[in-house]
Amino acid sequence: MKKIFLLLFITLLMLGCKKSELEAVNSSPAVAAYDVEAPPPPKEVYQMAPSSSISAKSETVNKSAQTPVTPKETDTIPKKIIKNGNMKIQVGDIKKAQTQVGDILKKNGAYIQNEEFQNTDMDDNLELVIRVPHKNFDALVSSFSDGVGSVLSKNISSDDVTEEYTNVSIKLANKKIYLEKYRDMLKNASNTKDMIEIQETIRELEDEIDIAEGRLRFIDDRVKYSTLNLSLYKEKVRSSSTSKIGFGSRLADSVTEGWNSFVSFLLGIISFWPFLLIIPVIIFLWRKWKAGRTKN
């Protein structure tokens with residue numbers, strides 16, 4: 001019995017000693033600092049990128065490279081201004097004025113695109129369609145206003161076609177991109193139906209590209225060379241003696257015209273000569289028939 005109590009006492013004594021040692025350890029500052037400090041994060045987390053994100057970026061780049069990008073034509077296209085004008089100048093001598101116009105055209109690097117002359121009883125009129133470099137247009141108009149004759153009318157207009165030129169250029173660039181893609185598709189077409197459809201699309205794109213390029217060439221030409229419609233006008237003045245002669249001439253013309261009308265009427269009647277021959281024959285036969293009936 002004594003041994004049992006002795007064993008219990010020894011056991012309780014050992015448990016108490018262990019408890020005191022544990023409390024002493026927990027109260028130690030070095031051990032507490034070690035328990036609070038967190039371990040440093042692994043460097044691999046910040047240095048390594050997942051392979052899935054790299055592949056996603058590469059796919060995005062490939063898609064963007066395959067997508068047609070609209071060119072920024074507005075950054076490179078300068079202003080496109082078309083200038084046109086109409087002038088009518090009264091001159092004393094058409095030939096002299098025409099020589100002056102030729103000298104002015106040579107000085108300003110211009111040329112005559114179309115020329116038309118009309119000579120009537122009332123006036124002489126020379127119509128000129130002039131093409132002049134855009135930068136010399138104003139100087140040309142000023143030269144005509146000052147040294148050729150009296151300006152009867154003048155109309156100058158400017159048309160800004162920059163927006164239209166830009167839109168056509170952008171559409172043209174996109175159509176060329178699509179055309180190349182359809183040509184590549186044609187090389188890889190697997191059946192006849194697809195080939196026919198692709199060829200038809202290519203033909204339509206080529207037609208649209210030709211039209212767009214033609215429009216751009218036309219605008220460039222109108223911008224580079226302005227157009228001026230010039231009319232040189234000379235009025236014919238009649239003197240009093242000329243007026244009297246003119247009245248007599250008009251009277252004689254009226255008599256002649258009346259005689260010609262009478263002759264035309266007479267000739268018209270003569271042209272019916274077959275009918276004039278048939279009518280007497282019909283009358284003769286009718287009278288003969290009537291006389292025979294009366295006898296009966």
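Helix α5 spans residues 94-107, and its 14 residues reach 20 Å from the first C-alpha to the last, close to the 20 Å expected at 1.5 Å a residue. The expected span is 1.5 Å times one less than the number of residues. Helices (H or I, at least four residues) and strands (E, at least two) are DSSP runs, numbered from the N terminus.

The model is predicted: local features need pLDDT of at least 70, side-chain atom pairs count only at pLDDT 80 or more, and totals for chains, interfaces and linings use all residues. Residues are numbered from 1 along each chain as its sequence is written, and side-chain values use heavy atoms, with hydrogens and water left out.

**Exercise 1.** Determine which residues of α5 are buried and what they pack against.

*Solution.* 
1. Apply the cut-offs: buried is under 20% relative accessible area, exposed over 50%, partly exposed in between (1.4 Å probe, protein chains only).
2. The buried residues of α5 are Ile-94, Ala-97, Val-101, Ile-104 and Leu-105.
3. These residues lie on the same side of α5, because they cover an arc of only 100° around the axis. The arc is taken over the directions from the helix axis to the C-beta atoms.
4. Their packing partners are β2 (111-119), β3 (123-133), α6 (137-147) and β5 (225-235); contact means heavy atoms within 4.5 Å.
5. On the face turned away from the buried side, the exposed residues are Lys-95, Lys-96, Thr-99, Asp-103, Lys-106 and Lys-107.

**Exercise 2.** Classify the aromatic pair of Tyr-111 and Tyr-225, then that of Trp-259 and Phe-262.

*Solution.* 
1. Rings of Phe, Tyr and Trp (its six-membered ring) pair if their centres lie within 6.5 Å; planes under 30 degrees apart are stacked, over 60 edge-to-face and the rest tilted.
2. This rule gives 2 aromatic pairs.
3. Tyr-111 and Tyr-225 are edge-to-face, at 6.0 Å centre to centre with 65° between the planes.
4. Tyr-111 lies in strand β2 and Tyr-225 in strand β5, so the pair ties together parts 114 residues apart in sequence.
5. The ring centres of Trp-259 and Phe-262 are 5.7 Å apart and the planes are at 35°, so this pair is tilted.
6. Trp-259 and Phe-262 are 3 residues apart in helix α9 (residues 240-270), about one helical turn.
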